[in-house]
Amino acid sequence: MKRLHNWFRKKLGWLLPPQYSVEERAEDEPPVKLNGRKVYLLGSPNPDIACLKCPGGCGKLIFLDLDENASIKWRIVKKNRLTIHPSIWNTLDCTCHFWIIRGEVKWCNDI
Ligand SMILES: [Zn+2]
């Protein structure tokens, strides 16, 4: 069933709504009630931090540093079909490793 689902996503992915979308927040804090399908850009319109709920099952919050002076940093490549560069590796909790490309989670097979 999962394979069929993946096949449909591959063929018809552009028809389906993206799994992750952006929410720009002026506040520096994520909302109390998190939507697991949102990536929050904190401190918008010039966000320093992006945060999202880990898609790997632990559900913990992941914070991504967007500050271009930071040594480890991420870039929001596209907002409308959300793409984040580079990959995200949750080394603290469930150790999942993934990309977000055009709103979709792409798992890395290196663990
Ligand atoms: Zn996780």
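Predicted model: local features only at pLDDT ≥ 70, side-chain atom pairs only at ≥ 80, totals over all residues.
The secondary structure of the chain comprises 1 helix and 8 strands, and, read from the N terminus, the elements follow the order α-β-β-β-β-β-β-β-β. Of the 111 residues in the chain, 14% are buried. Where contacts between residues at least 6 apart in sequence are considered, 27% of them join residues at least 24 apart.

An open sheet is formed by 4 strands, arranged in the order S1-S2-S3-S4 with mixed pairing. Strand S1 (21–25) and strand S4 (61–65) each have a single partner strand and therefore stand at the edges, with one side of each left without a neighbour in the sheet. On average, and with direction ignored, neighbouring strands of this sheet are turned by 25° against each other. Within the sheet, strand S2 (residues 38–42) and strand S3 (residues 49–53) run antiparallel and are joined by 4 bridges; Tyr40 has Cys51 in S3 as its bridge partner.

The largest nonpolar core consists of 12 residues, namely Tyr20, Val22, Val39, Tyr40, Leu41, Ala50, Leu52, Leu64, Leu82, Ile84, Ile88 and Ile100. Two or more residues of this core are given by each of S2, S3 and strand S6 (83–89), and the largest share, 3 residues, comes from S2. In soluble globular proteins, nonpolar side chains tend to be buried together. Leu41, a member of the core, is in contact with Val22, Glu24, Arg25, Pro47, Ala50 and Ile76 when its neighbours within four places in sequence are left aside.

Terms used: Residues numbered from 1 in each chain as written. Pairing = 2+ DSSP bridges. Axes fitted to C-alpha atoms, helices over the stretch in contact; angles between N-to-C directions. Buried ≥ 20, exposed ≤ 12 C-beta atoms within 10 Å, placed from the backbone. Contact = placed C-beta atoms within 7 Å. Core = buried A, V, L, I, M, F, W, Y, C linked by C-beta atoms within 7 Å.
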